Every structure is written in structure tokens, then in C-alpha cells.
Amino acid sequence: MRTEVQVPEENTRPLNPSQQQAARPGKHRKLMTAPKTQAGKRPNKKKIIITVLIVVVVLAILAVAAYFIKQLIESKYYFCSKSVKFIPLEKACDGKEDCSGAEDESACVTKFGANSTFPLRLITSRNVLQIFSPDENKWKSVCSDSFTQQHAETACKQLGYSVKPTYSGVQVGTLPTDLKMSFCTVGSSKPQTFQSTVSDLKVCSKGEVVTLTCSAECGLSRNQERIVGGQDAIIENWPWQVSLQSIGQHTCGGSLVSPNWVVTAAHCFNGEGRKALIRWKVVSGNTYLGSADASSVDKIIVHKYYTSGHNDYDIAMIRLESPITVGESRRPVCLPPQDLGLKGGENLVVTGWGHLTEKGKLSSKLQKAQIPLVDRDQCSSPIVYGASLTPRMICAGYMTGGVDACQGDSGGPLVYSFNRWMLVGVVSWGLGCARQDHPGVYTNMDQMLDWIHSVMKEYQ
């Protein structure tokens, strides 16, 4: 209980009177200082800073631990959000419903087959635009009469592009015979598709057909020089190269063909548990293997006719959840026109992080090698690959061996430079690595363009 204390009356008489002394000259009173406060009565800034730092460090450790725990769980289990339970990752996409509502069977690799010829194409190194007439079962070159920028944008959008298309006219007389047999023109209205406005022409009134470039950003590299041998590379020179990673581990290569589409090999998705999208990330923009800047996967589409254990139709496409930002270290490679006309001996370049030797280890740094295209007759000879080589395959490498793609390079790009770098092949298979008389075998992009354009249109 608080009590009142009586204060005595003021008394001017000192309690201990002392003898008065006269002031001496030159003497001064010492300065009076404030009494020291007791320790702990005011905050200690140093202690506060240390406490804050400790809290931050602890939170950072917890965040890192949570990340790695999440990675560990995702590497082993699939989480059924509807039924709130975990199932082994191997049970996801196995054809059996283990989650309520078949949730575990929905986010899986999809098979897709084009049922008809894609109605547009660019052909030869001149990039001549043609339209397919299903009634007549033939291709018709598009005259430059009435062709506008709107038509260019419509055509490129159908082909899966949407970035700065350009077009011009090329004289009919300079074209191969098969490109000047049939002609057509497009209407002047804003078309949704070309097919709705096409009309036949016997001759082009201007004597020109349309040559079309659908992307101003594809196929550009910081260094346009040719490459010799197998050497270290940097991503800025091959900015379309990506690492396809399963649960954080590099599994295959791939090629950006647009800001949100990657081309790779179908066989990358063979094996137990590899069909669940949650396993996969696409890492772009890095010279060295790592998991930084990984993009999540929205769709994986493999060719309908590809089957595990066989090498034919070995192609797949990945749609990213969000498009990459195009820059010096991330840039799409150009898709080639059909009938580019490459011949045996043409210089091509293959890149990837695959094994440096057969049964060796992955390279931590991106590698590049210049290799020649092998003539089809030579590659399909009995001493090489014989009847195993189909029209959906091409060969590249040295018959003497020594330079080749290898395990871990699968799905990666084989490119050819003609003003810009074009994707002419996808690393597919081969007998060993760099063996004599057994060059690398690549998926032939010329035969897959219809399928690629159909996928991009179907899942746009």
C-alpha cells in the first residue's frame, strides 16, 4: 500500500556546518557532471543489432531448411491436394488413380499426333510462303499481290510465332521449278486464317511470291564464328541451349524455339516416374550446370508415334509456365524452312553438357563441337546403321570417330548457320559415343515441322 511521506520544512542551516574560508584567486570549482545511470536502464544498441542479426540468420536457416525439405519431399512423393495425402512419385502418371479425382494422372506427359498436313509452310533457304490445298493435295506459293503486314502476322501466328515478322517479294523466275507450278493470293480483309481468303492465280501479277521471316529475334548469337573441335562454350554464343532437369539433376538438353516453347527428345521421358510434370524444370541462360533461373513446366507433349525402346519419331515439346525474357543469354533458335537442302559435308554445331567420354561424367561447363552432316546413303549403309535409319533421322559426325554427342546431350540442338542459326536436328541416339563408323543420329527437323507447328497451334 502506497503511503504519503511528509516533507520537512526547508532549513537553510547546513547539517554539517564547516568553517568559512576566503576564496583564493586562481581557483575554480570543478565542473559538475550528471550522475551515471545504472546499467540496463537504457537500451544497448549493440545488443539490439546482434539480436536482430541472430533472428535473421535463424529465419534464413529455417527458410533454406524448408526449401531442401520441400525438394526432398517432391523428389520422393506426389502431394494429392484434394485428398490431402502423399503418394510415392512413381505412382503419379502410372495409369492408375491414386488421388481423388485422378489428380495424380492429370499433370502428365501428353501424346499428340497431327492428323493432317499443317496448312502453311516456309520452304527452301528463300523462306517462300506456301499454302496447302487439301482438295487438290498440293502446295501453292503465295503471290505478293495484296499481301500486307497483317497477313504476315496472321501467317506467323499460325506457325507459332508472334514477334516482329517481316516479308518481301522474290522473283518467281529465280525459284526452283516446283515452287512456280501453282500460285494463290490472299484477300485484303483482316484474315483469321489464310484458308478463308485464298484464291487461285495462274500467274502473279507482280511476278513475285512472298518470302517470310517470322521472328526478328531468333537465331542470333553474340559470336557468329564457326567452331572447330570439342571445346568449352559460353551460353551467350548458344543462347537457345537449355538444361532439362529431373528433380534437380541434369537429364537432357533442349532448345528454345520461342519464349515459352522448348524442343527436346521424346526418350528423355522414358522410365518410371518421369512422366509427372512436377519432376521437371527447364534451366536457361547458364554456361555452367546448375539449378538457378529454373522455369516450371506447364506441358510436355511427345510425338504420338514414339514408343519406348524405339528411336523413330524421337521428339517432344515443353511449354513453360511463363515465357522467358529474351536477352543475350536467352534467345530462341530459328526453326528451319522445309527442304533447306543441306548436303553431306555441311558444317553443323552440336552443344550440350553431356559426357566428355563414353561412360564418363557430365561436363560442368557447356561444350560445343563442329561436325559435318553425313550423307544419308552412307549412314544407312549396312556397316553403319542400315535399315535402323528412317526418314525422321539424320546423321552427323566423323566416320573416323573422335567427336560426337554423348549421354546427357540427348534432346539438345544440332544447328546450322545461314544468316541465322537454325535448328536442323535434335540429339537422339547412336552406338556408343564418337566410335568409328558410327556417327551420332539426330531427329530430322525437316520431317517434324508439321508436327511442331500443330503442337504450338493446339496448345497456344
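The talk below takes several labels in turn and sets each against its cut-off.

Mentor: Keep in mind that this is a predicted model. The protein chain has 4 helices and 23 strands, and 46% of its 460 residues are buried. Its accessible surface is about 25,700 Å², with 52% of that belonging to carbon and sulfur atoms.

Trainee: Why is serine 255 called buried?

Mentor: The cut-off for buried is under 20% relative accessible area. Serine 255 has 1%, so the label applies. Serine 255 sits in strand E13, residues 249-258. Leaving aside residues up to four places away in sequence, serine 255 touches Trp240, Val242, Trp261, Val262, Val263, Val333, Gly411, Gly412, Pro413 and Leu423.

Trainee: What makes strands E1 and E2 a pair?

Mentor: Two strands pair if there are at least two bridges between them. E1 (residues 77-80) and E2 (residues 85-88) have 4 bridges, in the antiparallel sense. Phenylalanine 79 stands opposite phenylalanine 86 of E2. The hairpin has 4 residues between the strands, and valine 84 takes a positive phi there, near 50 degrees.

Trainee: How do you know that cysteine 93 and cysteine 108 form a disulfide?

Mentor: The cut-off is 2.5 Å between the sulfur atoms. For cysteine 93 and cysteine 108 the S to S distance is 2.0 Å, and the pair counts as a disulfide. Both residues lie in the loop between E2 and strand E3 (110-112), 15 residues apart. The angle about the S-S bond is -90 degrees, and the link is left-handed. Cysteine 93 has 13% relative accessibility and therefore counts as buried; cysteine 108 is also buried, at 11%. The structure holds 7 disulfides.

Trainee: Why is the disulfide of cysteine 143 and cysteine 204 called left-handed?

Mentor: Its torsion about the S-S bond is about -75 degrees, so the disulfide is left-handed. Cysteine 143 is in the loop between strand E6 (138-142) and H2, and cysteine 204 is in the loop between strand E9 (199-201) and E10, so the link ties together parts 61 residues apart in sequence. The S to S distance of this pair is 1.9 Å.

Trainee: Which disulfide is right-handed, with 85 degrees about the S-S bond?

Mentor: That is the link of cysteine 406 and cysteine 433. Cysteine 406 lies in the loop between strand E20 (393-396) and strand E21 (413-418), and cysteine 433 in the loop between strand E22 (420-429) and strand E23 (440-444), 27 residues apart. Cysteine 184, by contrast, is in no disulfide: the nearest cysteine sulfur, that of cysteine 143, is 6.8 Å away. Cysteine 184 has 0% relative accessibility, so it counts as buried.

Trainee: What makes arginine 319 and aspartate 298 a salt bridge?

Mentor: The rule asks for a side-chain nitrogen of Lys or Arg within 4 Å of a carboxyl oxygen of Asp or Glu. Here the closest N and O atoms are 2.3 Å apart, and the pair qualifies. Arginine 319 is in strand E17 (residues 316-320) and aspartate 298 in strand E16 (residues 294-303), 21 residues apart.

Trainee: Where do arginine 392 and aspartate 312 lie?

Mentor: Arginine 392 lies in the loop between helix H3 (376-379) and E20, and aspartate 312 in the loop between E16 and E17. The two form a salt bridge with closest N and O atoms 2.7 Å apart, and both are buried. By this rule there are 7 salt bridges. Glu136, Lys138, Lys140 and Asp200 are linked in a network of them.

Notes: Residues are numbered from 1 along each chain as its sequence is written. This is a predicted model: local features need pLDDT of at least 70, side-chain atom pairs count only at pLDDT 80 or more; totals for chains, interfaces and linings use all residues. Side-chain values use heavy atoms; hydrogens and water are left out. Helices (H or I, at least four residues) and strands (E, at least two) are DSSP runs, numbered from the N terminus. Buried means under 20% relative accessible area, exposed over 50%, partly exposed in between (1.4 Å probe, protein chains only). Contact means heavy atoms within 4.5 Å. Accessible areas come from the Shrake-Rupley method with a 1.4 Å probe; for residues, only the protein chains shown count as cover.
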